[in-house]
Amino acid sequence: MINVGIAGFGQSKFVTKRTDVTFPELVKEGADLTLADAGIPIEDVDAFVYPLAPDALIGVSQGERWVIDALGASGKPFMRVNNGGATGMSAVLTAWTHIASGMFDVVLVAGADRVSESGSAQSVLNKMWDTGYERTVPLNTITMLALSAQRYMHLYDSTEADMALVTVKNRAHAALNPNAHLRTPITVEEVLASRTLAWPIKLGDACPASTGAAGVVLVSERYAKAHGLTPAWIRGIGQNTETFWMGNRVGPTAASDHGDADALAVAFQVAYTQAGITDPRSQIDVAEIYSPFSSVELHVIEAAGLADKGKAPLALSQGKFALGSDGPIVNPSGGVLCTNPIAVTGTIRVGEAANQVRNRAGAYQVPGARVAVASAIGGDHQFYSTMVLSTDLEEI
Amino acid sequence: MTNPIQQEQTEAQKNASPVFFEQTWDLEYRHALGSTTSRFMQGLTEGKILGRKTTKGRVLVPARSFDDETHSATGEWIEVGTTGKIVMSTVVYEPFRGLPAPPYAIAYVMLEGADTALVGYVRGVELSDQATAVKAIAIGTDVVVHFAAKPTGTAADYWFEPAGV
């Protein structure tokens, strides 16, 4: 198989609203920033993979048509990927396949989102559920994860204060990231005092609706060598999927529990096996993992093998996973909890992980980081993507 | 941090007030629910919750024509109990555009004889005080299925209420 690397990562500064650009102009910003970061001209891009989540979020059907010229894709192969919240990372995995197969040398993944332009986002997301059995109940992405958070608390005797520890850590990290959306540090008390959205999830446990653009450019080893590039190398990838039915993820005969992320743990293991990671806690320096709500980060840390099941809160309370602590650092960028432009959120996880192992993460650089893991989640905790990256191609 | 890529704007551009395009999507659908779901809905009008048995012997509730674990067709119709326990729940206090006004409580309930949980509203619980509400719908709480007196032929024809209230 051909080695593939991340040669560049571009992202705009994330905010609630932008009025200076159209959606395609915002996508062009993502493409331009990414190619400029890599020093790769648009002429060298062989193919494009474009991440875009549900059309209704941007208010344009077949939104991929709208951005062809913004990406510079006219006259070249192009593919749209939509895996809900995992979209931005599934697109990167698709691009990896494009290059690993030997088909292409340079593939650009770039896109944007502007979630706040529709005040109806949760109404759009409510349309994910079964028309017969579930749509008479107002489920949405907040309630579905409130249910998961409640089960996690029940299974592991955890509390809302445990969830707050995640927000406190990530906001402190985001304060160091000039592109992050929510950058104000917060205390456990402030998170606990914030208003309830869907119990136990409060405003302080929730991600913002972000506007901005991002992208990564993937290259073959052959292209990297010919052009003197030092990309972050993709050492392992994983994907896994969970049943559609939330009600099938609970009870004594169920294959998984909605309070855990068991299917994601499998996806991590697949990537770890490819990369030669047998002890994630000692071999991984950085994790950029997808968690739009504080509660999600707890079971994703565990699925990634960075803590035992139910033990992420204890580790967090001991200061683990925060910049400056020993062991793997989790979401040094501030993560999804501080910045969530849905279509490219997964792309940013890969880009941030790549920047870490390339020692280019600035104020939130993990010193000496060589091995990073990234992950994303889409749908109703349903589509899982994972990736291991490293500075070099030596044994991990 | 300035964005080196961003197009430089002229003074006239910077001074122009932003212009917006507003739209509303109002789309109509009439979805066939299929014979399995239709039978389940008919069951609601008879005061019954119906499931289907998988080849492995699990009872899927609500009834589904195929099993998500084995990919094989389900067989026998099973009438499960109208009592059960809450296995996950939440109380919503935030208003979301296009969705009902809060507060409301939602739960997945494992009915007696079922292997999967059924989602529905929880009614008959005082929701104004969060701490009381959360306790009243805690995991493990016994609930009873209630059926609408005038069925609409949809999943809105049932809901849960705490048992013994």
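**Close-ups of a two-chain predicted model**

**View 1. One salt bridge joins chain B and chain A.** The side chains of R195(A) and E94(B) meet here, 2.7 Å from N to O. For the rule, a salt bridge is a side-chain nitrogen of Lys or Arg within 4 Å of a carboxyl oxygen of Asp or Glu. A note on the set-up: this is a predicted model, where local features need pLDDT of at least 70 and side-chain atom pairs count only at pLDDT 80 or more, while totals for chains, interfaces and linings use all residues. Residues are numbered from 1 along each chain as its sequence is written, chains are lettered from A in the order in which they are written, and side-chain values use heavy atoms, with hydrogens and water left out.

**View 2. Here's the interface of chain B and chain A, with 16 residue pairs in polar contact, both partners at pLDDT 80 or more.** A polar contact is a pair of N or O atoms within 3.5 Å; within protein, one must be able to donate a hydrogen and the other to accept it, and residues adjacent in sequence count only if both atoms are side-chain atoms. On the chain B side, the elements giving two or more residues are α2 (34-45), β4 (83-92), β5 (104-111), β6 (118-122) and α3 (130-136). Helices (H or I, at least four residues) and strands (E, at least two) are DSSP runs, numbered from the N terminus. β4(B) gives the most, with six residues. In all, 55 residues of chain B are in contact (heavy atoms within 4.5 Å) with 51 residues of chain A. Putting the two together buries about 4,300 Å², and carbon and sulfur atoms give 62% of that; buried area is the accessible area (1.4 Å probe) lost by the two parts, summed over both.

**View 3. Ring pairs link Y133(A), F244(A), W245(A) and F40(B) into a cluster.** Rings of Phe, Tyr and Trp (its six-membered ring) pair if their centres lie within 6.5 Å; planes under 30 degrees apart count as stacked, over 60 as edge-to-face and the rest as tilted. Over all chains, the structure holds nine aromatic pairs. F244(A) and W245(A) make an edge-to-face pair, because their ring centres are 5.0 Å apart and their planes sit at 85°. F244(A) is partly exposed at 33% relative accessibility, whereas W245(A) is buried at 15%. Buried means under 20% relative accessible area, exposed over 50%, and partly exposed in between (1.4 Å probe, protein chains only).

**View 4. P18(B) sits in the loop between α1 (11-15) and α2 of chain B.** With a relative accessible area of 43%, P18(B) is partly exposed. From P18(B) to T82(B), count 64 residues in sequence and 57 Å in space, C-alpha to C-alpha.
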